[in-house]
Amino acid sequence: MKVLLVTTHLNMGGIGVYTANLARYLKKNDIEVIVASSGGDLAGLLSENNVKHIKLDLKTKAEFGIKVWKAIPKLLRIVRENKIDIMHAQTRVSQALSCIVSKLSGVPYVTTCHGFFKHQRFGRRLFPCWGNKTIAISKSVEKHLTDDFNVDKKNVSMIYNGIEISRYLEPVEKDDDLRKKLNISDDKIIVGTVGRLSPVKGYKYLINAFKEVADKNKDVSLLLVGEGPEKENLLNQINDLALSSNVIMVPGSDGGIEKYFGIIDIFCLPSIEEGLGLSLMEAMASGSGCIATRVGGLKELIDDGDNGLLVPSQDYKALSAAILKLIEDKSLREKLSSNARKKALNSFSIEDSVKKTITVYREAIGGR
């Protein structure tokens, strides 16, 4: 089987990590795989694992814009020259492109729905482009596809994103060494989060919540790991709340992002909307005490009170109360951490995720 993964970019974030990891593990399963994208931070990971990457300029949000039309003959040539059996698209732009190339080549295509979309948009209604089969990354996303877009249930497969669990079981760098580099003393509890700094992640609510926490407990630091368009706004908010000495921001692009999970005592994902929550899965595997908002796939990962805590979205008061609860009750934090790691070990294996994805490919090829 020859698989072509098509995506807009390979930047750090859910879709980029998903694509790079899927490519690597398809290769481990003796599947021939090629990735076509505009490139990005994770392109090097493909070359390190001898995965062929073809540059295709898809840096656009216009699903039927000029860049997509220019890419059609290029992608069609890639499909034909490499005798591709199936395409797998990751973003709306790559879905539209793969749909057109599929019709021209007769090669089936699969799509992964990574989140939630405005189903009222005319383009989505007229040109759904969900593929011969569609993968939903959570039950919430699966319901979104069938209820809001009327995608046939028999064509949708719910497959959780998988993570390389072994990377998060043991820290790659000693906790005290990393704390020293970040200038965080050993006696401080670290509240942290990892991910792209975008408005939908709700980090402004985390900073507001942390202000209340810091006013009541001085032995706590906030660690924000990531880059993104919201960075300047968050820095201004931190300065306005006089939190500069309590908050550490690092880009996380220095490799080995799992090392940061290793020092986070309380992990928070305050998303306004979330398809699944890859960073939450990683935090659970790392054994952090986890808090997340009750939205999308996050409420599927956390069983409230058993392996983490759930709070309402955009409610910084509830978030600060949950953080303080875990700071003050170490035994509860340890219980949640232990149960979170057990769930990660049992449910988040990337090997299982990739095997299920290969099954979807076979179904799509067999049913074309």
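**A chat about salt bridges, helices and cores**

Biologist: Hi! I'm new to this one, so what relative accessible area does aspartate 215 have?
Modeller: Aspartate 215 has a relative accessible area of 48%, which means that this residue is partly exposed. Keep in mind that we are looking at a predicted model.

Biologist: Okay. Which residue forms a salt bridge with aspartate 215?
Modeller: That is lysine 211, and the closest N and O atoms of the two are 3.6 Å apart. Lysine 211 is partly exposed too, with a relative accessible area of 25%.

Biologist: Where do lysine 211 and aspartate 215 lie?
Modeller: Both lie in helix α9. They are 4 residues apart, about one turn of the helix.

Biologist: How many salt bridges does the structure hold?
Modeller: It holds 14 of them. One of these joins the side chains of lysine 201 and glutamate 274, at 3.0 Å from N to O.

Biologist: Which parts does the pair of lysine 201 and glutamate 274 tie together?
Modeller: Lysine 201 sits in the loop between β8 (189-194) and α9 (203-216), while glutamate 274 sits in the loop between β11 (266-269) and α12 (278-286), so the pair ties together parts that are 73 residues apart in sequence.

Biologist: And lysine 201, is that buried or exposed?
Modeller: Buried, because its relative accessible area is 16% and the cut-off for buried is under 20%. Glutamate 274 counts as buried as well, at 11% relative accessibility.

Biologist: Let's switch to helices. At what angle do the axes of α1 and α16 cross?
Modeller: Helix α1 (residues 14-28) and helix α16 (residues 350-366) have axes that cross at roughly 80° and come within 10 Å. The two helices are therefore roughly perpendicular to each other, since 65 to 115 degrees is the range for that word.

Biologist: Which residues meet there, in α1 and in α16?
Modeller: From α1 there are Asn21, Leu22, Tyr25 and Leu26, and they meet Ile350, Glu351, Val354, Thr357, Ile358 and Tyr361 of α16. Sorted by class, this contact has 7 nonpolar, 2 polar and 1 charged residues.

Biologist: Now the core. Which residues in the largest nonpolar core touch the most other members?
Modeller: Leu26, Leu223, Leu280 and Ile291 do, out of 101 residues in that core. Take isoleucine 291: leaving aside its neighbours within four places in sequence, its contacts include Ile266, Phe267, Leu309, Val311 and Leu326. Another core, of 24 residues, lies apart from the largest one, and among its members are Ala36, Ala71, Leu97 and Cys129.

Biologist: One more residue: where is asparagine 339 found?
Modeller: In helix α15, residues 330-347. Asparagine 339 is buried, with a relative accessible area of 18%. Not counting residues up to four places away in sequence, asparagine 339 touches Asp306 and Asn307.

Biologist: And glycine 44, which helix is the place for that?
Modeller: Glycine 44 is in helix α2 (residues 43-48), and at 31% relative accessibility glycine 44 counts as partly exposed. Its C-alpha atom is separated by 30 Å from the C-alpha atom of leucine 301, a residue 257 residues apart from glycine 44 along the chain.

How values were computed
Residues numbered from 1 in each chain as written. Predicted model: local features only at pLDDT ≥ 70, side-chain atom pairs only at ≥ 80, totals over all residues. Heavy atoms only, no water. Salt bridge = Lys/Arg side-chain N within 4 Å of Asp/Glu carboxyl O. Buried < 20%, exposed > 50% of the residue type's maximum accessible area, 1.4 Å probe, protein only. Contact = heavy atoms within 4.5 Å. Axes fitted to C-alpha atoms, helices over the stretch in contact; angles between N-to-C directions. Parallel < 35°, antiparallel > 145°, perpendicular 65-115°, else oblique. Nonpolar A, V, L, I, M, F, W, Y, C, P; charged D, E, K, R; others polar. Core = buried A, V, L, I, M, F, W, Y, C linked by side-chain atoms within 4.5 Å.
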